[in-house]
Amino acid sequence: MINKVIDHMMIENRQHFMIPGDVVASVSEDNSLRHAFLVLTKIRYAKIPVLDRDDHLKGLLSLPMITNTMLGLDDLSVAPLDQLCVKDVMETDVVTIQNPYDVENVLHLLVDNPFLPVVAGDGTFTGIVTRREVMKGINYIGHNLDKQYLVTLKPEEP
Ligand code: AMP
C-alpha cells in the first residue's frame, strides 16, 4: 500500500495529472503511413495514441514502426508509406488505465511505460498520464512535505 500522505499530496496536485485527450497528438487508424510519418516527425513525440473514428483507443504508433516497413535488403523504399496504413503497423498490446488518480497503480505502471493512455469503460480515449507530469507531483511533495506534515526519524528498534 502506498503511504497515505504521499497519496494525499499527489491527489492535491491532480489538476496536472492527466493531459486531456483534446491536447494529445494522435493519429487515426486509417491514416496512411505517409501522413503518420509527417505527424510523428513534426511533433517529435516518441509514441502517440491511435484512435478510431469514434475516439476509441486502438493502439500506439512510433516512428520505428513506420521506418521498419521501409527497410529493404540494402536500401530504403518510401513505397510502403502509401501502401500501408496506421492499423497495419501499430502496436495493439497497450497498457491502459481507467482511473488516472489511482496513484499506486499509476506509479507502478509508469516504471515500464513513459506514458499511460486513459480510457473510459467503453474504450473511449480520454487522455494520458505521463512520467513528466507525475515527476512534477513528486517534486512538489519533495518541496512541501515538511511544510504540511511533521517528518521525524523513527528511533531505531533495539
Ligand atoms: P513526457 O513524460 O512528457 O516526456 O512524455 C512521455 C511520452 O508521452 C512522450 O514521449 C510521448 O510519447 C507521450 N506524450 C506526452 N505528451 C504528449 C502529447 N501532448 N501528445 C501525444 N503524446 C504525448
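Predicted model: local features only at pLDDT ≥ 70, side-chain atom pairs only at ≥ 80, totals over all residues.
Helix α1 spans residues 4–12, and its axis lies 9 Å from that of α7, at an angle of about 115 degrees. The crossing of these two helices is right-handed. On the α1 side, the contact is formed by Val5, Ile6, Met9, Met10 and Glu12; α7 contributes Val134, Gly137, Ile138, Tyr140, Ile141, Asn144, Leu145 and Gln148. Sorted by class, the residues of this contact comprise 9 nonpolar, 3 polar and 1 charged.

Helix α7, which covers residues 131–148, also packs against α6, residues 103–110. Here the axes are 11 Å apart and the angle is about 125 degrees. Angles from 65 to 115 degrees count as roughly perpendicular and those over 145 as roughly antiparallel, so α6 and α7 are oblique to each other. Their crossing is left-handed. Val106, Leu107 and Leu110 of α6 meet Arg131, Val134 and Ile138 of α7, and these residues divide into 5 nonpolar, no polar and 1 charged.

Attention can now turn to the open space in the model. The largest pocket has a volume of about 370 Å³. Its lining consists of 16 residues, with Tyr45, Lys47, Phe115, Ile128 and Thr130 lying nearest the centre. In terms of class, the lining holds 11 nonpolar, 1 polar and 4 charged residues.

Methods. Residues numbered from 1 in each chain as written. Heavy atoms only, no water. Axes fitted to C-alpha atoms, helices over the stretch in contact; angles between N-to-C directions. Helix = DSSP H or I, 4+ residues; strand = E, 2+ residues; numbered from the N terminus. Parallel < 35°, antiparallel > 145°, perpendicular 65-115°, else oblique. Left-handed = near helix turned anticlockwise from the far one by under 90°. Contact = heavy atoms within 4.5 Å. Nonpolar A, V, L, I, M, F, W, Y, C, P; charged D, E, K, R; others polar. 1 Å grid on protein atoms, 1.4 Å probe; cavity = no way out; pocket = protein on both sides within 12 Å on 5 of 7 lines; lining within 4 Å. Points joined across faces, edges and corners; volume = space filled by probe spheres on them.
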